[in-house]
Amino acid sequence: MNKIKVMIADDHELIREGLKQLLELEGDIEVVAEAGNGVECLEKLKKVYPDVLLLDINMPKQNGIEVLQKIRDRNMKIGVLILTVHNEVEYLIKAVDIGVNGYLMKDSTSEELRKAIYSVMKKENYIQASLIPLLNSRLIARDIDKEKIESLTKRELEVLIKIANGMSNKEIANHLNISERTVKNHISNIFKKIDVSDRTQAAVFAIRNNLIKL
């Protein structure tokens, strides 16, 4: 049986060494390359072709999410398994949106890590079981947000984006060439439709749904 070729990208040498020893114990996995930052990872992927990339999120030069995005943009046929300390759902959602094959916490057992690598190798997605409820609830919330955004008129969406960019009513009125009273009416309608009670909550809603870039 051919060995599964794995590459490890993590900025901690001790973690890379530990993972390499752990994975190569049973003889069915071979660590073919290592990288200590995002740029080095992408450079090495031009020369080595692993079946599975174990990718940390917190890395210098380019983080794991940025590396994943570039791998998918370049259409590289590599299974990517994120191995991270981050259990924040936003990282998970972002990785899933880009097209990650697996997502695992660093406090997982070696048995689960191997299981995740085998799944990714077989073109199956693997999300750590404890993260699935978080993922599902966020996806449901995002669908609800999408419906709220679709309920806004084009003008209301423009006003919401300007609120999120920190503009006052007067500035919005000047920008859109409308009266302040009209701006106030739009804001009142926006708050009702997206179910918020103030400008800060409206801005958070806009940021959460990528209506503005920070």
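In which helix is Lys 170 found? The legends below, which describe close-up views of a predicted model, begin with this residue.

**View 1. Lys 170 in helix α8.** Lys 170 belongs to helix α8, which is made up of residues 169-176. With a relative accessible area of 53%, Lys 170 counts as exposed, because the word applies to values over 50%. Along the sequence, 35 residues separate Lys 170 from Phe 205, and in space the two lie 22 Å apart, taken from C-alpha to C-alpha.

**View 2. Helix α10 and its buried face.** Phe 205 is part of helix α10, residues 199-208, where Phe 205 is buried together with Ala 202, Ala 203 and Ala 206. Viewed down the axis of α10, these buried residues fall within an arc of 160 degrees, and therefore they line one face of the helix. The elements against which the buried residues of α10 pack are the helices α6 (132-151), α7 (154-164) and α9 (180-194).

**View 3. The two ends of helix α10.** At the start of α10, a side-chain oxygen of Asp 198 comes to within 3.1 Å of the backbone nitrogen of Thr 200. After α10 comes Asn 210, a residue whose phi is positive, with a value near 60 degrees.

View 4. Helix α1 consists of twelve residues, 13-24, and spans 16 Å from its first C-alpha to its last, which is close to the 16 Å expected at 1.5 Å a residue. Three residues of α1, namely Arg 16, Leu 19 and Leu 23, are buried. They cover an arc of only 70 degrees around the axis, so they sit on the same side of α1. On the face of α1 turned away from the buried side, the reader can find the exposed residues Glu 13, Leu 14 and Gln 21. The cover over the buried residues of α1 includes the strands β1 (4-9), β2 (29-35), β3 (52-55) and β4 (79-84), as well as helix α5 (110-121).

**View 5. Strands β1 and β2 with helix α1.** Strands β1 and β2 run parallel and are joined by six bridges. Within this pairing, Ile 4 stands opposite Ile 29, a residue of β2. Taken together with helix α1, the strands β1 and β2 form a β-α-β unit, and this unit is right-handed.

Definitions and conventions. Residues numbered from 1 in each chain as written. Predicted model: local features only at pLDDT ≥ 70, side-chain atom pairs only at ≥ 80, totals over all residues. Heavy atoms only, no water. Helix = DSSP H or I, 4+ residues; strand = E, 2+ residues; numbered from the N terminus. Expected span 1.5 Å × (residues − 1). Buried < 20%, exposed > 50% of the residue type's maximum accessible area, 1.4 Å probe, protein only. Arc of directions from axis to C-beta. Contact = heavy atoms within 4.5 Å. Polar contact = N/O pair within 3.5 Å; in protein donor to acceptor, adjacent residues only side chain to side chain. Pairing = 2+ DSSP bridges. Right-handed = clockwise from strand over helix to strand, strands pointing away.
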